[in-house]
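Hi,

Here is the structure I promised to pass on. Have a look at it first, and my notes follow below.

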Number of protein chains: 6
Amino acid sequence: MPVVTVEMWEGRTREQKAALAKAITDAVVDIAKTTPDQVHVVFYDVARSDWAIGGKLADDLG
Amino acid sequence: MPVVTVEMWEGRTREQKAALAKAITDAVVDIAKTTPDQVHVVFYDVARSDWAIGGKLADDLG
Amino acid sequence: MPVVTVEMWEGRTREQKAALAKAITDAVVDIAKTTPDQVHVVFYDVARSDWAIGGKLADDLG
Amino acid sequence: MPVVTVEMWEGRTREQKAALAKAITDAVVDIAKTTPDQVHVVFYDVARSDWAIGGKLADDLG
Amino acid sequence: MPVVTVEMWEGRTREQKAALAKAITDAVVDIAKTTPDQVHVVFYDVARSDWAIGGKLADDLG
Amino acid sequence: MPVVTVEMWEGRTREQKAALAKAITDAVVDIAKTTPDQVHVVFYDVARSDWAIGGKLADDLG
């Protein structure tokens with residue numbers, strides 16, 4: 001039942017997402033005491049032009 | 001004012017989304033006692049390669 | 001696997017939430033072609049003082 | 001640390017998003033008393049065919 | 001129709017939220033060209049013990 | 001900049017959340033190649049009476 005949502009800049013590969021999903025799921029199972037099939041991990045890739053830090057879109061950051 | 005967000009795997013047609021939006025809105029209006037114009041339903045299609053269950057990306061599930 | 005999030009003003013009863021969860025799940029199963037055990041519905045009650053429309057917190061609306 | 005998420009219909013330009021990110025960040029810094037580098041603003045463009053109001057997908061609204 | 005969600009540490013007053021909602025709504029109306037009644041701003045107060053930065057819960061940060 | 005949101009049933013202790021935040025942050029840093037200070041992890045505890053599976057509120061599940 002835990003749902004873990006990961007919002008990050010686009011550009012990560014399928015392999016990185018697969019590894020992250022595995023590592024996060026393992027952590028949730030070990031620490032929060034649930035079973036793997038209950039853990040959902042959902043990735044949202046966000047373009048740098050859709051994410052601002054300090055009031056500037058990230059593709060304008062140095 | 002209720003905002004209902006539906007996250008599901010991509011692949012549903014426009015007709016399915018229209019029917020779902022109608023059914024969900026009717027349920028919210030009937031049960032939660034609001035008016036239809038107050039109900040927003042937002043769909044997020046998620047690729048199977050962005051959704052893991054049990055630590056595996058869903059397009060790797062059998 | 002669909003996750004449906006319902007954000008609405010606090011004040012709905014447990015019975016209303018149970019009925020909404022049932023109606024939304026039935027609609028998702030019928031229309032989006034999945035099985036009931038795959039459908040999660042999550043409710044977030046929001047205080048009117050935490051929800052603004054037209055720039056005014058909702059507990060200040062007439 | 002505040003994270004501000006803006007969900008709106010697609011179609012706003014990069015310039016509009018940059019201006020919005022700046023205005024929202026300034027407001028958060030001034031009013032909520034934080035520093036600019038702590039403020040994240042994330043935009044999600046939603047197609048009108050993925051957003052229903054009153055039970056109708058928005059691209060069907062008049 | 002834009003929905004703006006503000007997640008920040010708990011502790012802001014009602015006056016701060018009212019002022020933020022007003023400022024954000026004005027910015028969205030001016031820049032994204034919509035009408036005020038279409039703009040929803042939703043606040044989620046998060047305890048510092050529910051928000052980690054750098055792998056540490058924020059109430060453990062110096 | 002990655003923001004990881006964890007929605008799960010209430011009842012996890014502060015120690016469990018601290019351990020989860022650490023494990024998730026380490027995984028994101030290692031796999032997605034960012035720095036720890038960029039990683040935010042936000043927990044939302046959801047009551048079982050606010051989370052339905054298969055159309056039933058979870059506190060009604062066996």
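This is a predicted model: local features need pLDDT of at least 70, side-chain atom pairs count only at pLDDT 80 or more; totals for chains, interfaces and linings use all residues.

Because B:Lys17 sits in helix α1 (residues 14–32) of chain B and D:Asp50 in the loop between β2 (40–46) and β3 (51–53) of chain D, the pair joins two chains.

There is also a salt bridge between A:Asp50 and D:Lys17, where the closest N and O atoms are 2.6 Å apart. A:Asp50 belongs to the loop between β2 and β3 (51–53) of chain A and D:Lys17 to helix α1 (residues 14–32) of chain D, so this pair too joins two chains. As for accessibility, A:Asp50 counts as buried because its relative accessibility is 14%, under the 20% cut-off. D:Lys17 is likewise buried, at 6% relative accessible area. Over all chains, the count comes to 30 salt bridges.

Another salt bridge lies inside chain B: B:Lys22 pairs with B:Asp26, their closest N and O atoms being 2.7 Å apart. Both residues are in helix α1 of chain B, four residues apart, which is about one turn of the helix. Elsewhere, A:Arg14, B:Asp59 and B:Asp60 are joined into one network by salt bridges that share partners. Within it, A:Arg14 bridges to B:Asp59, and the closest N and O atoms are 2.4 Å apart.

That brings me to the interface of chains A and B. Here 13 residues of chain B are in contact with 14 residues of chain A. About 1100 Å² is buried between the two chains, and carbon and sulfur atoms give 52% of that area. On the chain B side, B:Asp50, B:Gly55 and B:Leu57 lose the most area to chain A, together 41% of what that side buries.

The interface has three salt bridges and nine residue pairs in polar contact. β2 (40–46) and β3 (51–53) of chain B each supply at least two residues of the side that touches chain A, and β3(B) gives the most, with three. That side of chain B is made up of six nonpolar, three polar and four charged residues.

Finally, the strands: β2 (residues 40–46) of chain A runs antiparallel to β3(B), joined by three bridges. In one of these strands, β3(B), B:Ile53 is the bridge partner of A:His40.

Best wishes

Methods: Residues are numbered from 1 along each chain as its sequence is written. Chains are lettered from A and ligands numbered from 1 in the order in which they are written. Side-chain values use heavy atoms; hydrogens and water are left out. Contact means heavy atoms within 4.5 Å. Buried area is the accessible area (1.4 Å probe) that two parts lose on being put together, summed over both. A salt bridge is a side-chain nitrogen of Lys or Arg within 4 Å of a carboxyl oxygen of Asp or Glu. A polar contact is a pair of N or O atoms within 3.5 Å; within protein, one must be able to donate a hydrogen and the other to accept it, and residues adjacent in sequence count only if both atoms are side-chain atoms. Ala, Val, Leu, Ile, Met, Phe, Trp, Tyr, Cys and Pro count as nonpolar, Asp, Glu, Lys and Arg as charged, and the others, Gly among them, as polar. Two strands pair if DSSP finds at least two bridges between them. Buried means under 20% relative accessible area, exposed over 50%, partly exposed in between (1.4 Å probe, protein chains only).
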